[in-house]
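Hello,

Here is the structure I promised to pass on to you.

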Amino acid sequence: MGADRSYAYGAAAGLLGDLLLGDPHRMHPVAAFGRAAGRVERALWHDHRGWGALHTLVCAGGATAVGVAAARAVRPSAAASAALTAAATWAVVGGTSLAREARAVGHALERGDLAAARARLPHLCGRDPQALDADAIARAVVESVAENTSDAVVGALVWGAVAGVPGLLGFRAVNTLDAMVGHKSPRLRRFGWASARLDDVAGWPGARLTAVLAVLAGDDPRGAVRAWRADAHRHPSPNAGPVEASFAGALGVRLGGTLSYGGRVEHRPVLNGAGRPVRVADIGRAVRLSRRVGLLALGVTVAGRLIGKGRVR
């Protein structure tokens with residue numbers, strides 16, 4: 001069994017593990033990385049971009065180096081390589097946890113329990129839940145499902161196909177650092193700049209693949225393309241824009257608008273303005289679309305790796 005087939009089997013097994021088991025409940029590797037990155041942040045923090053870049057280099061570079069060392073250690077054994085890829089994929093992909101949290105908020109809204117929905121929303125995104133009514137919470141969930149389909153599933157599979165286990169671990173490390181320090185708060189505006197910019201670069205291919213697959217897997221391909229072309233560039237994030245716009249068009253809903261993060265109000269452009277407002281039932285539709293996109297991404301990235309490596313030979 002060649003190295004590329006080992007990766008293909010391992011990636012498929014890892015994604016299947018996520019579908020069946022979800023994230024590890026205890027000793028999650030990403031949580032362990034987050035704790036380590038937090039300690040490095042406390043040791044290095046200065047209100048300066050250079051120190052932030054060093055923090056990014058130490059943390060993301062360290063995670064990638066671990067992946068390189070592990071991959072080299074198992075290289076003589078195809079079975080061990082496949083097992084390592086499966087474990088790494090399972091650890092970094094978070095599609096099942098994303099779906100579980102989104103559905104939990106949706107179930108609370110269906111029961112009319114707005115307090116429970118507000119309490120659960122921070123598991124998905126960093127918005128101020130107390131400022132949101134039921135419709136705004138539903139919209140926040142759909143937007144979070146769209147963005148995290150790229151960040152927590154497709155982007156990792158893309159970099160896994162490009163660079164194997166080091167790509168999987170490195171991408172997840174960069175994405176986690178952005179979530180930790182890539183904010184525009186006064187304390188992190190300069191220190192987190194490098195992590196935020198690196199996340200933009202690393203997330204670029206996965207976001208575009210996610211948008212393409214949402215077009216193919218959604219209920220309204222033409223609407224998804226139309227919303228992507230018309231509105232993606234108006235979003236403040238270069239990667240969330242294409243993903244959220246394509247999801248909005250595919251689902252036939254209107255996303256974007258006013259939101260609040262950490263007490264800071266943002267007025268974001270409307271995506272797919274011709275769509276209808278988000279309803280609670282759209283949460284389940286967004287989750288199902290996310291699932292289809294993730295499975296398609298596995299097929300596309302594995303095929304791309306096999307074809308690309310074959311041409312190199």
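Predicted model: local features only at pLDDT ≥ 70, side-chain atom pairs only at ≥ 80, totals over all residues.

Residues are numbered from 1 along each chain as its sequence is written, and side-chain values use heavy atoms, with hydrogens and water left out.

The largest cavity holds about 120 Å³, a volume being the space filled by probe spheres set on the points, which are joined across faces, edges and corners. Its lining has 13 residues, and Leu 19, Gly 95, Val 153, Ser 290 and Arg 291 are the closest to the centre.

Which helices supply at least two residues each of that lining? They are helix 1 (3–21), helix 5 (95–110), helix 7 (134–181) and helix 11 (281–312). Helices here are DSSP runs (H or I, at least four residues), numbered from the N terminus. Helix 11 gives the largest share, five residues. By class, the lining has eight nonpolar, three polar and two charged residues (Ala, Val, Leu, Ile, Met, Phe, Trp, Tyr, Cys and Pro count as nonpolar, Asp, Glu, Lys and Arg as charged, and the others, Gly among them, as polar).

Now to the packing. Helix 3 (residues 49–74) and helix 7 have axes 8 Å apart, at an angle of about 160° (axes are lines fitted to C-alpha atoms over the stretch in contact, and angles run from 0 to 180 degrees between N-to-C directions). The two are therefore roughly antiparallel (over 145 degrees; under 35 is roughly parallel, 65 to 115 roughly perpendicular and the rest oblique). Their contact (heavy atoms within 4.5 Å) includes Cys 59, Ala 63 and Gly 67 of helix 3 and Leu 169, Gly 170 and Ala 173 of helix 7. By class, this contact has 12 nonpolar, five polar and no charged residues.

Helix 3 also meets helix 8 (residues 193–217), where the axes come within 7 Å and cross at roughly 55°. That makes helix 3 oblique to helix 8. Among the residues in this contact are Arg 49 and His 55 of helix 3 and Trp 193 of helix 8. The classes there are four nonpolar, four polar and one charged.

Finally, helix 4 (residues 78–92) and helix 7 have axes that come within 10 Å and cross at roughly 140°, which makes helix 4 oblique to helix 7. Leu 84 and Val 92 of helix 4 and Arg 172 of helix 7 are among the residues in contact.

Best wishes

Definitions and conventions
1 Å grid on protein atoms, 1.4 Å probe; cavity = no way out; pocket = protein on both sides within 12 Å on 5 of 7 lines; lining within 4 Å.
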